[in-house]
Amino acid sequence: MNDQMLQEERFSPFVRVTLRIWIKTYRSIQSLVSPFFDLILRLLVAQAIFRSGLVKLGDWDTALNLARFEYPVSWMAPETAALVGLVIEIAGPVLLLLGLFTRGAAFSILLLLAVSQVEYVAIDLNLWLIAILGWYVLRGAGAFSFDRALAGGLGDSALPFSRPLMTCLGWLTKFGAPVWLWAVRLWLAVTLVVVMGISWIPGASTFLPLESFAGIHPAICNAFVAALILGLLMPVTAAALMLTLGGLAVMGLHPDLSLYPMLLFGLLLVFGAGAFSVDGVIANWLERNILFDRKYEDVPDHWPHIVVVGAGFGGLACVNRLKNLPVRITLIDRHNYHLFQPLLYQIATAALSPADVATPIRGLFRKDGNVRVVLGEVNAVDSKAKTLTYGQNSIDYDYLVLATGASHSYFGKDEWAPHAPGLKTIEDGVSVRAHVLRAFEKAESTSDPERVRRLLTFVIVGAGPTGVELAGAIAELAHHGLKDEFSRIDPSQARIILVQSGDRILPAFPEQLSAHAQASLEKLGVDVRLGGRVTNIAADHVQIGDEVTIDTETVLWAAGVIASPAGEWLGAETDRAGRVAVDAHLRVKGEQHVFAIGDTAGSDAWAGNPVPGLAPAAKQAGTYVANYIEKQLLNDESIAPFAYKHQGSLATIGRKSAVADFGFMQLHGAPAWWLWGAVHVGFLSGTRNRIAVLVNWIWSYFTQKLGIRLITVTDSGA
Ligand SMILES: Cc1cc2nc3c(=O)[nH]c(=O)nc-3n(C[C@H](O)[C@H](O)[C@H](O)COP(=O)(O)OP(=O)(O)OC[C@H]3O[C@@H](n4cnc5c(N)ncnc54)[C@H](O)[C@@H]3O)c2cc1C
């Protein structure tokens, strides 16, 4: 038995698993909240200083007068001092808010406030602001700032002293900021001691915010002093400080409730106790005895090894839940990114660029030592030997989760594939975009009217959400996005034909929503052809039934889906769409340690009906399997079967219309469209992508122009 095992044996599985889950959950909430808190903190501090600057800017005489008292600097003329003060109070907050040259901006405002506090009037407000600004001097701005965005590049740039400077700043953040938190704790503790009258310091009100703490009962003060000095359970202590001051103000026992002490307590709540604290000792102990995941090498070998194949919606949901358990995880994907497929059609129609809807997988698990990300294409599984193969490599597992999704199927007519690309990967999206844009380009340079007509005819096969969204987006591209761009052709003359074999579009939606969607599409100029089964697709035409032939050089396939070959790897039972048969716990039938989830699994867990191929379904299944494994680690046999909960379906048709079905409520038109946008931005992975998508959408909404009209795939055809 190795040391790690001995350490762990001291705790029951319940303690090990539960503690780890709680700590990891707390940490992820903290890392999610801290950038937003940092931004709000900067905004609130900046606006307070900026308001004062604006008042002085509006009245130079008062500014000059105030400067004589507020910043009396003997070696500087009052005009100069007033001007310097004004610049700091106007430019400083702007820089602070942007997070640009944050330390310098914070330091200059801090100095100004300190001089004013000592030389002019001693008020608590200045002290609270100084304490907050000191944090920014030492730690710098958080993730949502220009400083952070530029830091990597500056450190490697050829600018003189940039590297040593960035190294020094890095050290300040790493060591200075925790020391500042410690100093703040002590400062608050000393203030409380003085408030209780235990000790008196001459001129204390100049550097201790005594008034802010007036009215607190001595017993409570004592408890706070102890907790602050020890640095004990700082988030709880900080929250209690907030509640106490807030409660006193509400009860009228305190003169007023100021925002700034609350912000400083918020800083302790979000960023912790800092240096020399019991919390720090506890965190170190937990790291050595419970977490073990600073780096992959520190993770105990005896922890169960779970291999998850596929970093789509299902795989990621599974790993995100599993990473909190005492397990080793290997996540394998053939791409190095997670793709948000619901917005793939917007790449195909030049509304978004690939980087907006794809997130590098490695970055998602940067902070999780027990997760290893591997780029590789799995091609075999030996469930008896518990190994799987990717490329030339093989890897052992204790549990295997197959989340390899699906791709499009041509119902056995694979010869159609070169003439009717589908949408599944980024490459597909970029290639469809090139195909669509090139059709307009070719039409522009062709003098044969027949060919122009053929080139400006776009046929979309399949009227599920993807087909409907594609048809709507191509219609908008033709009518608005390419307006006035060509001299010989009129893109708005393009014909967009949506072919559906059934008797209505969006068959998974209620009938009335299908009708609304069809009406919206027709308003956009889309020709919807129902009951039309495609019988042939060639380079220059598509045939529907026996009689109708449509001349076109662009056919887009949004009809069939086939699961990944995971079933073949295992020799497992599959349905007609290739989905692996799973039991009630999503285990591949006949296997104890292999699970299949998402589009690759065939499960009847929707109250006895097949679980739909939707992102939320894959996510729910991923979380379920992680919970299942957790129960196994806890030796808990009471595992309820997987039950899919349908949260609703959405599809958009152009820029102002959509349909939404939540069972109890149905929406269409503009309200559904806004909802569709909010849901898609909300579920995108990564803040950068959310911002990029929002900016692109707002731009194209108001300008009706699409910025990504690039043909980046070569074509040998004329
Ligand atoms: C164009 C389009 C639009 C859609 N729109 C919506 C929508 O609006 N709403 C909705 O809910 N759903 C939508 N879906 C469906 C939804 O995207 C899927 O149901 C969901 O992605 C399934 O998740 P998954 O985890 O099972 O598979 P995927 O998300 O497909 O992930 C599978 C992963 O496995 C990897 N992989 C595959 N094979 C291997 C291998 N052999 N080795 C290693 N890695 C492998 C892939 O690279 C991929 O990262 C849409 C799908 C498409 C294609």
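Select Trp 128 and Trp 187: both are buried, meaning under 20% relative accessible area, with exposed over 50% and partly exposed in between (1.4 Å probe, protein chains only). This is a predicted model, in which local features need pLDDT of at least 70 and side-chain atom pairs count only at pLDDT 80 or more, while totals for chains, interfaces and linings use all residues. Residues are numbered from 1 along each chain as its sequence is written, and side-chain values use heavy atoms, with hydrogens and water left out.

**Stop 1: the tryptophan pair**

Keep both side chains on screen. Trp 128 and Trp 187 pair edge-to-face, at 5.5 Å centre to centre and 75° between the planes. The rule takes rings of Phe, Tyr and Trp (its six-membered ring) with centres within 6.5 Å; planes under 30 degrees apart are stacked, over 60 edge-to-face, and the rest tilted. Now colour the helices. Trp 128 sits in helix H6 (residues 124-139) and Trp 187 in helix H8 (residues 162-196), so the pair ties together parts 59 residues apart in sequence. Helices (H or I, at least four residues) and strands (E, at least two) are DSSP runs, numbered from the N terminus.

**Stop 2: Phe 292 and Trp 303**

Next, select Phe 292 and Trp 303. This aromatic pair is also edge-to-face: 5.9 Å centre to centre, with 85° between the planes. Phe 292 and Trp 303 each lie in the loop between H13 and strand E1 (305-309), so the pair ties together parts 11 residues apart in sequence. Phe 292 is buried, and Trp 303 is buried too.

**Stop 3: Glu 287**

Step back to Glu 287, in helix H13 (residues 278-291). Is Glu 287 buried or exposed? Its relative accessible area is 11%, so Glu 287 is buried. Show its contacts (heavy atoms within 4.5 Å). Beyond neighbours within four places in sequence, Glu 287 touches Arg 27, Phe 292, Asp 293 and Arg 294.

**Stop 4: the ligand**

Turn to the oxygen atoms of the ligand. One lies 3.1 Å from a polar side-chain atom of His 335. For Gln 341, a side-chain N or O atom is 2.9 Å from a ligand oxygen. At Asp 599, a polar backbone atom is 2.9 Å from an oxygen atom of the ligand. The protein covers 90% of the 990 Å² of accessible area that the ligand has on its own.

**Stop 5: a ring cluster**

Select Tyr 399, Phe 595, Tyr 624, Tyr 628 and Phe 642. Ring pairs link these residues into a cluster. The count for the model comes to 27 aromatic pairs.

**Stop 6: two positive phi values**

Most residues other than glycine have a negative phi. Go to Leu 586, where phi is near 65°. Leu 586 lies in the loop between strand E19 (580-581) and strand E20 (594-596). At 2% relative accessibility, Leu 586 is buried.

Finish at Asn 635, with a positive phi of about 55°. Asn 635 is in the loop between H23 and strand E22 (649-653). Its relative accessible area is 59%, so Asn 635 is exposed.

How values were computed. Polar contact = N/O pair within 3.5 Å; in protein donor to acceptor, adjacent residues only side chain to side chain. Areas by Shrake-Rupley, 256 points an atom, 1.4 Å probe, with all protein chains shown as cover.
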